[in-house]
Structures are given as structure tokens and as C-alpha cells.
Amino acid sequence: MPCKLSPQQDSAGQRPPMRKVTMILSLGQRLASQFSFCEWAQESGPGNLCRCTGYRPILQGFRTFARDGGCCGGKGNDPNCCMNQKKDHTVTLSPSLFNPEEFMPLDPTQEPIFPPELLRLKDAPQKQLHFEGERVTWIQASTLKELLDLKAQHPEATLVVGNMEIGIEMKFKNKLFPLIVCPAWIPELNSVEHGEEGISFGASCPLSCVEKTLLDAVAQLPTHKTEVFRGVLEQLRWFSGKQLKSVASIGGNVITASPISDLNPVFMASGAKLTMVSRGTRRTIRMDHTFFPGYRKTLLGPEEILLAIEIPYSREGEFFSSFKQSSGREDYVAKVTSGMRVLFKPGTTQIEELVLCYGGMADRTISALKTTRKQLSKFWNEELLQDVCAGLAEELQLAPDAPGGMIEFRRTLTLSFFFKFYLTVLQKLGKVDSEDKCGKLDPTFASATLLFQKDPPTNVQLFQEVPKGQSEEDMVGRPLPHLGASMQACGEAMYCDDIPRYQNELSLRLVTSTRAHAKIKSIDTSEAQKVPGFVCFLSADDVSGSNKTGFFNDETVFANDEVTCVGHIIGAVVTDTPEHAQRAAQAVKITYEDLPAIITIEDAIKHNSFYGSELKIEKGDLQKGFAEADNIVSGEFYIGGQEHFYLETHCAIAVPKGEAGEMELFVSTQNTTKTQAFVAKVLGVPANRILIRVKRLGGGFGGKEIRSTLVSTAVAVGAYKTGCPVRCMLDRDEDMLITGGRHPFLARYKVGFMKTGRIVALEVDHYSNAGNTLDLSEAIMQQTLLHMDNGYKIPNIRGTGWLCKTNLPSNTAFRGFGRPQGMLIAEHWMSEIAVTCGLPAEEVRRKNMYKEGDLTHFNQKLEGFTLTRCWDECLASSQYHARKSEIDKFNKENCWKKRGLCIVPTKFGVSFTVHFLNQAGALIHVYTDGSVLLTHGGTEMGQGLHTKMVQVASRALKIPTSKIYISETSTNTVPNTSPTAASVSTDLNGQAVYEACQTILKRLEPFKRKNPSGSWEDWVIAAYQDAVSLSATGFYKAPDVGYSFETNSGNPFNYFSYGVACSEVEIDCLTGDHKNLRTDIVMDVGSSLNPAIDIGQVEGAFVQGLGLFTLEELQYSPEGSLYTRGPSTYKIPTFDSIPIEFRVSLLRDSPNKKAIYASKAVGEPPLFLAASVFFAIKDAIRAARAQHKDYDMKELFRLDSPATQEKIRNACVDKFTTLCVTGVPENCKAWSLRV
């Protein structure tokens, strides 16, 4: 059967909602200039987040606009160059999906012109602008004299250029700045002067201007003069995307005095000169260790402003480097930053000056003076390296409870950075014939000096073509673009908060607890009532029905007398605008009486704090199995939680209808039925009075299955009380704090196996952090237990599950629903078996894999078992064994960079475990013009469900997709729907749509017989004129699904989805950075309904899993408060995170008889395949540890998930990590806890 390569350019919209618009805008800025794709990806890509797409389709679509078409320009020199791609003549390109000749050429005359009225302003004389707000005065000064006069009159005034710091403090930290002065357009503050000693930049110069100027200087000046410039440029490369650099100013970065500043350590190390002025005074000082006397303080006087900063030229014999380590490459808060400079005495390698400056190691930017002063007159050799590292380890101490945590990691980075600097200088000295007293660069160390680079991404997507002879109008199996893609890309798609405001609409803001567990002593709203536009405060007393809510009735709409987590909703304020609502909510004062709180899984185990009794699955004779085993390995493994980070936060609008308790709600939810039921209960009305409407969601991932009711019930109470429409859309920090996420897990395991690697016994105790309510935690743990085998046959097995009751916001459903945790634990002990036996991991995995007809540990027979096919195909297509040999060679030749390779399978059971949820309904209206309005029970959240339903109806009715439209999902069209979850929405709703179509077809059959040559429209109008109903419902329930944990019998799943992924990574052993070099995926999705959407789902799920297993880390305070409440502190995958080579293949000839048109579930199953990256990282760490055998390291080592930079670096034990071991006093409270 032929395959085809899918560029999928038009289907880049398979999941991105409104977030894609920002990328389109950044692309639009470059169109007229015939931009380079690679330049765009580096300059404008950073900061644009859209992990649910997997990024690849967006990049591939954008490539088509570039002059290089995405070409790296390497002319075959790079291994990933398109000129070096192997040709596969069995694969045919599809002209119907991607034909560049069909693209409309760019017509510059049609581009919007810059408004002439605004263009003339640049030549008009500058004048002062003055704006008065309710609490803030904003002045834009036009001259330097005006600015200095204002500062003299108002020393407390805050100066703002880019507003990157002050705006955040006002929005998220509730800070007020009564007078803000903007000096952005003052000529003296925007000047750039090339002097004898360096280049001087006015303090208001945007960083983009600084970057361009320095790039030009590096290109034009001798290399020895631009060492400092290149150090500044390296920091700017990772500062942020082009958008932010265009507004952020160089002076703002200095005066903000951030202790984790990217640039201040560089300026301090270089000895940059600062010119400061006030009315009547002017002085110039060199930035050194005295410039920052304390936290967020500088030597600037109250009336002074920073006028300019001069970045110096470097001298002969002077070398400079800068470093930054943050959770992500672009636009993320740094952990440690550094600027390092050394000046040698003329003609020697004897040190005349050495400056090592750091950010992130104190409450200000500091210089390691004690260490550097001891090195003067020493030579640049191994002895100096040892002395400096020992000195830094002693001088740069951090308290065990220091803000930011990661104590040993940050301390080790200070040494690692210097080591990189030492090697870089050695490398540069080697080019100028240094004398013998200088050290020599070990060739295996050379790669440690390389700056982080990423090659242009390449990708392949393979899928099976539709059979020859299939009608052109039959779109099933074809890569039909997502029906909302173009609207989403243009910003025209409507989301909940895009609905225009009602004339009398009010805004609601939640008031939440700041304590993890406490009694509420009092609530004072007096200050809130003084806020303009205040309407009312809502509390439990305002709930007309029942204040009890939640899946198990164990939650409240508003807390009564007690709060059980930080973020627990206590009440809400209702005002005229969202801004007033925020102010009023912040003004509500609550007093508490603290109660003991349980935060972590370990706390819960210690205090026996669980929901219900243990869950258990057991099969075989465990005692006998362990007795027979040649080896037994036991241990613990921890998996962190994950934030959903849908780009559209929770949003709801409640509109009271004014009679009989009727209310209409527009909600961003995956679960219309539960939303309807909860609102009806809260208002004390029947469900038939509540209408829930959902147009589309901007992402859900399980986070809007139940937790969306936190907002919808609150706005319903507000609308009921005020009689007005009430809207609430959570800010990102609120959403992350309140709504919970993926469950953290702790596993305690014991596995018995033979010398051959064959497993004979397994026992695992699973503990999940459920949070302060039960929510869906029990069902999630059930799925964990059902997937604790992954794809392996284990004759004797026992799995138990405990739901830890803690004082964190309730954790909830998340893509995979407990399965990824169970399978990751399985792959963890599987990798330990391979290491213990000294056998290749891929051999041990294959040896233990199920076969067709085997019974699982829950006694379901495996039918249509394609996992072994996926495995063999992935091994072959990834060239696994050949690449493994190449990696071994690379690791021998590189001491401080290591590569790893791993291949893992997944077996994913498809169905709701609550058997009655495996049902769905659909409604079809056929209108007399032949158009069809289709409604079903699923919600569209970017996953392409509506597109697939249109395809199903199109085939069933034998009409073009253009005649079918889905408007929304609502409770007044299809009642009692199951949530859009568990990857079964296409299976269930698709079959219901099919049944409804069959009813319509049966009614039309007599008219088709009468007029066989007629058209669809002819038959429809004939039926109408004969008074035949053209409206039909469809209903479907999945057969033979039901399982008993008590008897370990029945079938919990309708069928299984299978997949295999092979990933290769490269780690930097000195910093913990890693690059995903290549991933090959083979995924069984049955007979794909839509390969474009399915491949998009595979890639998006994989990248979300990449975040789960390697990047995304939630951090909580010991008091249970979430630190990571936004993209600056919570790292999700970006453009740079995806594999450089990303190859996805849908398994061919694997129809699934148990789902609509032989398809399979695809939304969740691929997510776990990102574990291949996790274990490839562990493989690379193992290679690093093997090289440093002097430190008595065990062959089996623990690497918990996610495999962050900190964990990777700390696991690569070496001479630097051993110098930075930090003892923790017994009663010391760490800054953050592993929950």
C-alpha cells in the first residue's frame, strides 16, 4: 500500500487556538523583507508558546513564506541539511496537501501602510504628555531638562521605558506606583556614541538597538577588541524574543538591580562606565562590586537618573565570556548568570586582572573578590583551575533555605562556568602559541567550550494513502485541514472571552486563601467596597441552593469556616470592570487561625492521610515468583506533577434570563453535563433551566473536565444575586494556583527477574498526591494500576494504590489520566533490570513484551496486538543499532558532552473505566437547501474533533464536507453527554453521528428510489414536501466494557492503542542542558480518519510528554504555596525543545474493528512516548558517570522525573559537584518541597 509524506502545512491549526495569532504577527513583520526562516526561528520564535501543536507544523508552515524555504544554507555540510536527506522511492508526495504553486504570491502593494498621520509625528516637535488615572499619573517627558526637573520635584517617581518589570509588579504583586515618568523618547537617552574606550548607549536604548550595534562592531573591529561585546551578545541571544528586546531598555536592566540579572554580571565584569545625572550634577563611575549595595538597590541618588552606559572595548591579552543558566533557553528567569574576564600581562599567560561576577548567588550581583585576588600573577594552568574552583566553592556559599532553592546545583554552576571559561581561554591561547607554563587543552574537553547551538529542524511524516478508487468527496482517511485552522491563524475564531460584553455586564474576581489549612476568623470587605465600581462581595451565604459541590460532593463553591489549601476559593467580588474587580479582590482582608497542614506525599504517608482504602490488582503467586528470581531490585521513584498550561485560561459568562430560574452560561469546559448539573444544584433549580454553551476551547488536556466548575458556579451565583450577566476569566497566575494539575506520584517497587532479563515478579506501591478533594483521583489511580505493566508480561504481580489527602489544590485529570505515571514507573524498573543483567535495554524490553492472545495482569485478552510490529519497524527506521555504535564513539571522544539513546513502547487502554460513560449522542438537522447542521456531545478544544465528525457525517451521508457545519456544543441539543476525555470522543461521538446519519438516510431512501438520478438537494426537498422529518438523533454505547477490581475480571478497555518511540539526546555534563537530537515514532492509530490531525496529535502529545518528563517542574513552598505561577518560572517546551529530527510514521494496514471506520484513539496514547527522551538522558548520564569512576558511584542511580537541568547536572558526579555538597541542618526548612 503506498504511503505519503505529509508536510501538513494547512493543518498546523490542528490544535493551536488564539495563541497562533502572535506567531502570525511576528511573521507578518518579516514578510516584506523576504526573511530567512532560520533567522526568524531564532529571533522571533522565542517567547511564542504553543506546545500542544508540537511546534513542527507551525515551523513547517512558516517555512513556506521564507526566501530560503527553511534551508539551512549549509549546502550539504550539515547532517540535517535537506541535501543530505535519504531518498525513499517507496514514498510518494501528495500534491493535494502541499503544492507551493497554489500559494498566492506576496503582493507588497496589498500590505497595510503605516498610517501617515503617525508617520508625520516623528518630525513634529516632542512635547510632554500627561495622563491622570484613578490612582496613577503617567508623564512622558520630552527633554532631558524636563525629566531632571520632574525627578527633582518627585524623587519617588518611577521611570519606565519598556514596562517589563513595573507592569508585572503592578499586575501580579499588587504594587502601586502613583507617579510614573517615561523617558523613552528623550534624544540624549537614545544616543549611541563610539568612543575611544568603548561604545556608549543612552539608558533608554532598546536592547534590540544594543544588539545590532554590537553585532556591527564585532563584524568590523579586530577580534581582540570585541571580547566584551561578544559576551553581551551571548546574553542577549537568550534574553528573550525580538518583540521584548525591541521595548526593553539597557538602562532599565541595570537600574532594576535584579539579583538574577542577565546583563549586570557582564557589565560589572567588563568594568562598564555609568554616567548619572541630576539637576545640576553629572558623574561617571565604573560598575563594580559596590554599585549594588543591597537587594534591588544601586548607588543612584534619589534625584539622579542613569544617562548612559559605556561598554568597553577589550584589549590585547584580554578574554571575556558570559554564561546564563535558566530553566529554558529563551525568556526564562535565570538560575545563575555570570560574566568573566581575564587580562594577561603582555606577551605572557600570567594573570594581571581576573574578575568573576555572578547573578543568582546572593541578593545582588556580586564579584568573587576573595578568590580572584589570590590569582594575580599566577599562570593559566591546571593549578590555577583547582585553586579557583576551591575558592569559589568556599566563597560562594548559599544557605540551605536560600530563595530559589537548587543550592548544590547553583553552587556547582559557578564552578562549571569557570571551567568552561578556563577551557575557552586555553583554546584561544592555543591559537597564539602560548608559553609552556600555560595549560594544554585536552581534545576530549573541546566540546565543553562550544556555545549552545541548534541545527535547523527536519521532519518526516508517513501515513497510508486512501485506497485507489475512493471517491474524491469522501474525506475519511484524507489529511483534511482542521476546519477552524484558518480562523484561528487569522484571529477570527471566537473563544469564550471574545464574546462581546453585554450592556449591563459585571466582572467577577475570586478571593482565595493564602493559607494551606486554617480556620477563617473574619472577612473584612470594607476597603474593597471603596473601590470604584464595587457591586457586591459573594460568600457562602449568597448561595441560593447548595454550597456543596464537586464530583463527590466534597467541595464548596465558597469556603464556609475552613480553608484546606492555598488557593481555596473563599468568596468573590463583583464590580463594573475586570480592573476594579482585581483591586477589590486584593483589598479584601481575611484573618486566619492556622491548622496543621499536610503538603507532601511523605507527610501523608507519615500521618496516614488517605482517601478511602487502598486500590489493588494482584495476579499469580508473588512469593513464589520472588523465590525463583535470580536477582531482586527494589527502590523508590518519584514523578512530579504538571500544569495544564492551556493557552486559554478558565473562563465563564453567566447570563440570567429573568424568569423561572433560567440561566445561560458560556463556558470553556470539556464537560457540559457536569457544568449544568453543578450550576443547577448551586442555584437550587432543575437542570432544564440551565443552558451550557461551548463554541470551542483554547486547550483543555483534562484540566477543564471538572475544575472548570470552580469558575462557572461562582459566576452563576454572581449573576443570580445581581440579576446581571457576570463574566470571569482567570489570569494565568490565578489559574495555575487554583485549578490543580497532573498528580505527582511516588512509587516503591520490588522486581524479581532472571539472569536473562526475564521478569518473574513485581510489586509496586503507588502513592499519588490527590490534594484537598477527591475529584477524579480514584479513577486516575485505577488507570495507573491497569497500566503498571506497560507492554510487558509479568506472571506474578501486585500493584496497590493510595490516594494521599493533602492540603494542596485538588489535582485532576490530565492527558493520559494516570497511565503515563504507571508506565514510566514500569520503564524505570525495566531499565534497572537491563543494567543489573548487563544486557542491552532494548533486548530486555523485547524479551518481556506481550504476544498476541496473551492475558494482561487484569485478565483482558490482547487481540490485534500490533506493538511488536511497531517495535520492529521503529528499530529499523531509526537505524537503532548503527546509531548506538556512533554514540559510543562520540562518548569516548567527548568528556563533558554525552549522548544517550533509548527506545520505549506504549500500550494504552482505550475507554472510560466508569462503564456508563462510554456513551454518546448526536443530533442532525437537514435544512431544505441541503445544508446540514450537526451537533454531538463532544467539545472542540483544538484536537480536531469537529473536523473528524464532519468527515464521518460526510462519508455516511455521501455529501461534501462543505455542506456540513457544527456550530457549538450545548446541553439543549445533546443532553447527558460524557466529558470530552479519555481519547474516546471520536469513537463514541463518531458512532453516534453515524447512527443519526443512518436514520436520515433511511427516511430519504424512498425519494432516492423515486428519483435515482436526483441530487442530495432534490431528495431533501422532496422529503420535506412529503412531511418527512429531516431531524434525527443518534446514540451509541460501547459494548462489553466493564471491569471489577474486586474480582480482577471483565474488560476495562474496548481496545488498545500501541506505539514505539526511539530518541537520541545530548547532554552538557557541566550545566545539565540537553538537546533532543532525533526522535522516531511509529504509532498505531488504526485506519486514520484524518492523518494530518492524527500526526498533529502524535507530535503535540509527544511534546507535552517531553515537558512532563524533562522540563516542567512545579515548585511549592513548605507552606503549600505554588511558586511557579507563570511562563517565566514554569518551563514548558518551546521551539528549541523539539527534536532536531522528528520522524512520525502511522502504522500501515492495521484497521481496528472496534471503532468508527476502523480508526483508533490518538489524543493521549502518544504522550508517554516522550519517556524515550527521559531514558535517553539517563543513558547519557550513565556514560558520564562511567567516565568518573573515582567517586565510588553505584551503577544503579536514581533520576526522578522530570529530568531537569538540576537533576542531570547533579547526577553527573565529578570533581565540581563533590566540592559543592551542602549539608542541611536538621530543622532547616528548604525553600521548596517535592510534593
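At what angle do the axes of helix H13 and helix H14 cross, and within what distance do they come? In this predicted model, the two axes cross at roughly 160° and come within 9 Å. Helix H13 covers residues 382-395, and helix H14 covers residues 407-430. Angles over 145 degrees count as roughly antiparallel, so H13 is roughly antiparallel to H14. The crossing of H13 past H14 is right-handed.

Now for the residues that do the touching. On the H13 side, the contact takes in Glu-382, Leu-384, Leu-385, Val-388, Cys-389, Leu-392 and Ala-393. Facing them from H14 are Arg-411, Thr-414, Leu-415, Phe-418, Phe-419 and Tyr-422.

Next come the empty spaces. Rolling a probe the size of a water molecule over the atoms shows where empty space is left. Here, the structure turns out to hold 4 cavities of 30 Å³ or more. The largest cavity has a volume of about 410 Å³, and its lining is made up of 30 residues. Nearest the centre of this cavity lie Ser-327, Gly-328, Leu-1111, Lys-1131 and Gln-1205.

Note on methods
Residues numbered from 1 in each chain as written. Predicted model: local features only at pLDDT ≥ 70, side-chain atom pairs only at ≥ 80, totals over all residues. Heavy atoms only, no water. Axes fitted to C-alpha atoms, helices over the stretch in contact; angles between N-to-C directions. Helix = DSSP H or I, 4+ residues; strand = E, 2+ residues; numbered from the N terminus. Parallel < 35°, antiparallel > 145°, perpendicular 65-115°, else oblique. Left-handed = near helix turned anticlockwise from the far one by under 90°. Contact = heavy atoms within 4.5 Å. 1 Å grid on protein atoms, 1.4 Å probe; cavity = no way out; pocket = protein on both sides within 12 Å on 5 of 7 lines; lining within 4 Å. Points joined across faces, edges and corners; volume = space filled by probe spheres on them.
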